[in-house]
Amino acid sequence: MAFVVGLTGGIGSGKSAASAWFESQCIVVVDADIVAREIVQKGQPALKDIHQAFGDWVLQADGELNRRALREHIFKAPEARKVLEQITHPAIRNSIIQQLAQADSPYAILVSPLLFETNQHELTQRTLLIDASEELQILRASQRDGQNEEQIKKIIAAQMPRLRKQQIADDIVLNDGHLDHLYQHLQPMHEKYLAMALKKQS
Ligand code: ADP
């Protein structure tokens, strides 16, 4: 298994921007959000388990997951969230492990908004927090998604507090300037991870 760096940060902190930069340096990035969508695609075992656990209403006419209906159900019945997570979390974890094992770069990045919350950091050797103030998070996320401030605040409130993530993460890059400023701070991290990966190999 390659040396794996877990990359996290709250909504709008700049995780995707940072991931894209690492990709531009030819580092393989596994995105936990993408994996979470892949494992519930039509034909996947996790979707069959969800169908069995919740019933026919959870599928659209075309056999794909009815995300909206499931989201509304979970919102009304919190215990259903546990049932869903018992199905999806192991499937996500297994798929992440598989994809990381196939990574053919000197090290690999696992990007996840809930790296610490879902214990996905256990799959990594090092963690990097992309950090930004709540004001910047709200500004960037609202510009990107067109969501209002209240919706973004709710998402921030549901994520691990910024301070706690700062305490847990091995490395922190503050993304409070231009994108070039972010890239300049990622460069020494990249060099450090290359050296750490090399050391692990030998
Ligand atoms: P996350 O993946 O953490 O939710 P993104 O990387 O998608 O956050 O960043 C949120 C939005 O803010 C995106 O549109 C992104 O291009 C923009 N953005 C991120 N960092 C900066 C920055 N330093 N300067 C300007 N815009 C930024």
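A polar contact is a pair of N or O atoms within 3.5 Å. In this predicted model, a polar side-chain atom of Arg144 lies 2.7 Å from an oxygen atom of the ligand, so that pair falls within the 3.5 Å limit.

| Residue | Protein atom | Distance to a ligand oxygen atom |
|---|---|---|
| Arg144 | polar side-chain atom | 2.7 Å |

On its own the ligand has 560 Å² of accessible area, of which the protein covers 76%. In total, 14 residues surround the ligand, and the closest are Lys15, Ser16, Arg144, Asn175 and Gly177. By class, 8 residues of the shell are polar, 3 are charged and 3 are nonpolar.

The report now turns to the protein interior. In soluble globular proteins, nonpolar side chains tend to be buried together. Here the largest nonpolar core has 30 residues, and Ile50, Phe54, Leu65, Leu70, Ile96 and Leu110 have the most contacts inside it. At least two of its residues are supplied by each of helices H2 (32-38), H3 (45-54), H4 (67-76) and H5 (78-101) and by strand E3 (107-111). H5 provides the largest share of this core, 6 residues. Beyond its neighbours within four places in sequence, Leu65 is in contact with residues including Val40, Leu47, Ile50, Val58 and Leu70. Another core, of 19 residues, lies apart from the largest one and has Phe3, Ile27, Leu182 and Met189 among its members.

Notes: Residues are numbered from 1 along each chain as its sequence is written. This is a predicted model: local features need pLDDT of at least 70, side-chain atom pairs count only at pLDDT 80 or more; totals for chains, interfaces and linings use all residues. Side-chain values use heavy atoms; hydrogens and water are left out. A residue is near a molecule or strand if one of its heavy atoms lies within 4 Å of it. A polar contact is a pair of N or O atoms within 3.5 Å; within protein, one must be able to donate a hydrogen and the other to accept it, and residues adjacent in sequence count only if both atoms are side-chain atoms. Accessible areas come from the Shrake-Rupley method with a 1.4 Å probe; for residues, only the protein chains shown count as cover. Ala, Val, Leu, Ile, Met, Phe, Trp, Tyr, Cys and Pro count as nonpolar, Asp, Glu, Lys and Arg as charged, and the others, Gly among them, as polar. A nonpolar core is a set of buried Ala, Val, Leu, Ile, Met, Phe, Trp, Tyr and Cys residues joined through side-chain atoms within 4.5 Å. Buried means under 20% relative accessible area, exposed over 50%, partly exposed in between (1.4 Å probe, protein chains only). Helices (H or I, at least four residues) and strands (E, at least two) are DSSP runs, numbered from the N terminus. Contact means heavy atoms within 4.5 Å.
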